[in-house]
Amino acid sequence: SLRGSLRVAGVVPRGLPVVRVRVFSSSSALLAAPIEAEKEFEVTPKRRAVGLWLLSVSGLIFLIVTVGGITRLTESGLSITEWKPVVGMLPPMTEEEWQKEFELYKASPEFRQRDSSKFTLSDFKQIFFWEWFHRVLGRVCGAALVLPYLYFARKKYIPQRAHPRLLGLVVLLGLQGCIGWIMVASGLKHENFKDGSRVRVSHYRLTLHLGAAFALYTGTLWTALNFLHPVPAAARGSVAFD
């Protein structure tokens, strides 16, 4: 026996009990841990749907920023002198409507610095397009963010912890539209250019407008990745959604 063998070898003195130590293999526990972690952070169909929705919205925001850059480079941002969030979706459809928009632009400070003899209605239509397209994309982005959010919230696809961040993105998008118009309005006031300086929008408002766009893009993309690629428990802190 083990007791006798140890005593013969002189390892255990006579009269002392031998403590039997049973070693259990921990391989099964180690193998089970990753499986449980995978279940905890499994990308469910609901999570995937929300993530893909936000990913598409972030792509749309990127497109808007790109068109905004084109609008800036082509000096088209002041071609629309009115802000009509609801009825401004459609461009002028008749020659009379185009002429009306052109007359409004002619009253702006920017037009007075142009060579009016060479700037025709055809030229106006070109710059009008980019500003109109930029604004339409903003409206489309708003609908693409708000309407699916209401649907997913009603269907309980969105975890409770995610609602504050998503609502924050919705509010930021609404503020972005207001900031955009405030920026444009700064280039439509004649008193801002009495000294003969070149007509431009406020650089401060332009920076705020662009900064808000980057914040909106980053927040939307970050939230989308939280849904599509949940981070490990040790590193997630408060950024992941259970």
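View 1. The expected span is 1.5 Å times one less than the number of residues. Helices are DSSP runs of H or I with at least four residues, numbered from the N terminus. Buried residues of H3 include Trp 53, Leu 54, Val 57, Leu 60 and Ile 61. Here buried means under 20% relative accessible area, exposed over 50%, and partly exposed in between, with a 1.4 Å probe and protein chains only. The buried residues of H3 pack against H6, H7 and H8. A contact means heavy atoms within 4.5 Å. Glu 75 follows H3 and has a positive phi, near 55°.

**View 2. Helix H7 and what covers its buried residues.** H7 runs through residues 163-185. Its 23 residues should span 33 Å, and its end C-alpha atoms are 33 Å apart, which agrees. Among the buried residues of H7 are Leu 166, Leu 169, Leu 173, Ile 179 and Met 183. Gly 180 is buried too. The cover includes helix H3 (45-73), helix H6 (121-154) and helix H8 (203-228).

**View 3. The salt bridge between Arg 198 and Glu 75.** The whole structure holds six salt bridges. Each is a side-chain nitrogen of Lys or Arg within 4 Å of a carboxyl oxygen of Asp or Glu. The side chains of Arg 198 and Glu 75 form one of them, at 2.4 Å from N to O. Arg 198 lies in the loop between H7 and H8, and Glu 75 in the loop between H3 and helix H4 (95-106), so the pair ties together parts that are 123 residues apart in sequence. Arg 198 is partly exposed, at 48% relative accessible area. Glu 75 is partly exposed as well, at 37%.

View 4. Lys 106 and Glu 103 meet at 3.4 Å, N to O. Lys 106 is partly exposed at 29%. Glu 103 is partly exposed at 41%.

**View 5. The salt bridge between Arg 114 and Glu 110.** The closest N and O atoms are 3.9 Å apart. Arg 114 is partly exposed, with a relative accessible area of 24%. Glu 110 counts as buried, at 11%.

**Notes.** Residues are numbered from 1 along each chain as its sequence is written, and side-chain values use heavy atoms, without hydrogens and water. In this predicted model, local features need pLDDT of at least 70 and side-chain atom pairs count only at pLDDT 80 or more, while totals for chains, interfaces and linings use all residues.

Terms used. Helix = DSSP H or I, 4+ residues; strand = E, 2+ residues; numbered from the N terminus.
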